[in-house]
Amino acid sequence: MNLPPVAIAWFGAMILFGVGLYGLLVVRNLIKLVVALQILAKAAMLAFVAAGYAQQQMGLAQSMIALIIVADTVVAVIALALAVQVRRRYGTLDVRQLTALRG
Amino acid sequence: MVVHPFLWLILIPLASAPLVYLAGRLGGSAVARGLALLALLLTGAPLIITAQDLISQATLTVALGMVQLKFDGLSLLLAVVALGLGACASVFSIPYMAGELGEEKYYAALLGMIGFIIGLGCAADLFNLWVWFEAMAVSSYMLVAFYRDQPASLEAGVKYLVQSAVGSVLVLLGIAAVFGETGRLTLNHTTTATTGLLAAGALMTVGFGVKAALVPLHTWLPDAHAQAPSGISAMLSGVVIEAGLIALLRAISPVLGEDSTARFGQLLLLFAVLNMTLGNVLALKQTQVKRMLAFSSLGHVGYMVLGFGAAAYTGQLAAAQGSMFHLLTHGLMKGLAFLSAGALLYALYVANGTHGPLTVQDLNGASQRYPLVALTLSVAVLGLAGLPPLAGFMSKWQIFVGGVQADDPLLVVLVVFAALNSVLSLAYYAPLVNALYRRVPSEAVQHGKAVSWAMMAPLVILSALVVVLGVWPALVDGLSGPAARALLAGWQ
Amino acid sequence: MAELVCVLVAIICAVQAIRAERLLHSALWLAGASAFIAMIFYSMGAREVAIIELSVGAGLVTILFVFAISVAGDEHNVGRLAVPRALAALLAGLCAIGLLWFASGVVSIVPNAPQSTGLTQMLWRDRALDTLVQVALVYTGVIGLLGLLQAGRTEVDVHHTEQSEIQSQHDATPQAERMHG
């Protein structure tokens, strides 16, 4: 079997997306939730590489991926800061114990 | 490069955001407040110039490298709402946020958010649109969780951040699919529909739909809108979810082929039904004022999506114009409602040094101590319910008329359904007004503090606008008409 | 072939990052996934961005995670999950397969050879607008971070409640009534 690189990257992106989604659904720890978000973002980057390769516009794809990496790191930083604050106020990182808001 | 005036519209808020922060650190929060207000005031000038330029030209374009910024009717509408409501929220926040730790960061992030929203309206490139969208989200995370020593507000922040981040990844996958299929990123070009583009459309609908609070992607909204500081609640409900909706409607254009526009319209109509039903039914159950208003936002997104859906489904301009008008009036009314509720929350709780949710019972007899705030809150919620002399009636009416004009049985049924929903919404708005005008004041009202003039001023301005637009809706035809035309032009 | 190996290893790392019990292990597995994704980037012609991914994704982000874990403490939360694992796997699998099915059109395009254009030119000239907005995004993010991390007014009081909450962590019902509007 000889899969072209585009297919490998594209399928890889979709599978990584599935893994990240699974993580979001089962994970209870706030920091691990951020790990799952990071995996999802990696899937998006991989999808852009596949798309750029397929269209032979790797320069364009690269510039977009670079911006995604930066934006995503900023989001991860803010999410981790939130997690640290949650730990301070709730005494736990368990998402299921964040139950102040219902209804 | 020629710097067109409309660039200043984006540059001034964005450039002043770090300045406000620095000024606040060096010179104290009073300097930060003053500078933030000055920046918003200055941004008004390019807005007026751009609006005048737009009379003679349909779009103003600036290109930087291969990416363009296009300022059209829709950008103008979004800029007017973002800047107008942003200015009101900032003035309101001066007494409301006074003495909070990190005030300068509050104003800096708020300015940044306004700038990003205006920029989002101008994006003419799919990826550029995402960058604006993500920047808007990043600037709002801290604002939602601003009361970082309150567990409830942290929880709202976590929910908001996680769901927004997932939405943003879905949008990215959608963009990657469009890029991989067509090799182009520009908005407004025609394509033939393929399964890849269909998947891209679905991904972007879900991704932007999280921010636009399309049911069932709305679960973050009531928490975030209720827990944020009141000025931010007004911005989130009045502008940010609408910006998400506009982003969706714009981003979907490169995906829509000749026949798929109608199918996308049907999908929007489905979301409209879900949003109206769930928003209004859940709002009925709420006892906290801000939570109720947050749920009512879901219903109002439903009305807007109904108009846009009808426009996509039949190509009717009138329905889209009605939705644009509703976007404007909802921004005014919901902003006014959140700010009025915030004024009462401040007077009854925050000024007394206590933190508590403002419940409907707390409002009992508020009109006796706070006649003006009670009046503005009544104007806001009655406008939202769609009572005749107010703006909400006129904008809903335009959507309904636009829907019926298309002469499609499905749309007629949906319009009747929406009208019934509008009547149903009175069931939770009316008790609110009723409570305000009760004879016996609640305990909270008896111990309430005074509301300062800086809080009243934006309330008076917004309620005057709600009344004026209700009596004279043609006043903003020049705003909603070009906006609807700009949107539909992208779908051709 | 190199791409296939890298993708598989990256996926395994990602799965391990989700499954790992300790947060620190989770962060390290994520760094591994990031490194292998960077290799795919490299072998597909995205050279510059591979370096960025390696330094930011595998390096900086891992440091941030380790820092956050050291501040917040490594705890692993067991017990009943909101969504059963099997259902979650099924949902995630269906989403991934659905996407594969719909978006497989992309892979039918067969290019000749990878080509790498200068990233710096792209970022600073052709797509300068994206980069400029990104700069604004980063400083707004930094302001947000400072705002979130700033110690609250009730810090002393909170330390006290934190202590008591750790002691009774199992039946802790955090200050639900202290809601703010």
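Predicted model: local features only at pLDDT ≥ 70, side-chain atom pairs only at ≥ 80, totals over all residues.
Chain C contains 7 helices and 0 strands, and from the N terminus on its elements follow the order α-α-α-α-α-α-α. Of its 181 residues, 45% count as buried.

Two packed helices are described by the angle between their axes and the distance between the axes. In chain B, helix H11 (residues 289-314) packs against helix H12 (residues 317-348) at an angle of about 175 degrees, and the two axes lie 9 Å apart. Because angles over 145 degrees count as roughly antiparallel, H11(B) and H12(B) are assigned to that class. The contact of H11(B) with H12(B) comprises 16 nonpolar, 7 polar and 2 charged residues. Lys290(B) is located in helix H11 of chain B and is buried, with a relative accessible area of 5%.

Rolling a probe the size of a water molecule over the atoms shows where empty space is left. The second largest pocket has a volume of about 980 Å³. Its lining consists of 45 residues, of which Leu47(B), Ala51(B), Leu76(B), Val80(B) and Leu479(B) are the closest to its centre. Two or more lining residues are given by each of helix H2 (29-56), helix H3 (73-97), H12, helix H18 (453-471) and helix H19 (477-491) of chain B. The largest share, 10 residues, comes from H3(B). By class, the lining of this pocket divides into 32 nonpolar, 9 polar and 4 charged residues.

The largest cavity has a volume of about 90 Å³. Its lining is formed by Val34(A), Leu37(A), Gln38(A), Asp72(A), Val75(A) and Ala76(A) from chain A, together with Glu134(B), Ala165(B), Ser168(B) and Val169(B) from chain B. Helix H2 (30-54) and helix H3 (58-90) of chain A, along with helix H6 (151-182) of chain B, are the elements that give two or more residues to this lining. The lining residues of the largest cavity divide into 6 nonpolar, 2 polar and 2 charged.

A disulfide is a covalent bond between the sulfur atoms of two cysteines. A search of the whole structure finds 0 disulfides over all chains. Cys6(C) is in no disulfide, and the nearest cysteine sulfur, that of Cys13(C), is 10 Å away. Cys6(C) counts as buried at 10% relative accessibility, and Cys88(B) counts as buried at 11%.

Most residues other than glycine have a negative phi, and most peptide bonds are trans. In chain B, a cis peptide bond joins Val215(B) and Pro216(B), with omega at about 5 degrees. Pro216(B) is found in the loop between helix H7 (195-212) and helix H8 (221-227) of chain B. Ala213(B) also lies in the loop between H7 and H8, and its phi is near 60 degrees, a positive value in a residue other than glycine. Ala213(B) is buried, with a relative accessible area of 0%. In chain A, phi of Gln56(A) is positive, near 55 degrees. Gln56(A) is found in the loop between H2 and H3 of chain A and counts as partly exposed at 30% relative accessibility.

Definitions and conventions: Residues numbered from 1 in each chain as written. Chains lettered and ligands numbered in written order. Heavy atoms only, no water. Axes fitted to C-alpha atoms, helices over the stretch in contact; angles between N-to-C directions. Helix = DSSP H or I, 4+ residues; strand = E, 2+ residues; numbered from the N terminus. Parallel < 35°, antiparallel > 145°, perpendicular 65-115°, else oblique. Nonpolar A, V, L, I, M, F, W, Y, C, P; charged D, E, K, R; others polar. 1 Å grid on protein atoms, 1.4 Å probe; cavity = no way out; pocket = protein on both sides within 12 Å on 5 of 7 lines; lining within 4 Å. Points joined across faces, edges and corners; volume = space filled by probe spheres on them. Disulfide = S-S within 2.5 Å. Buried < 20%, exposed > 50% of the residue type's maximum accessible area, 1.4 Å probe, protein only.
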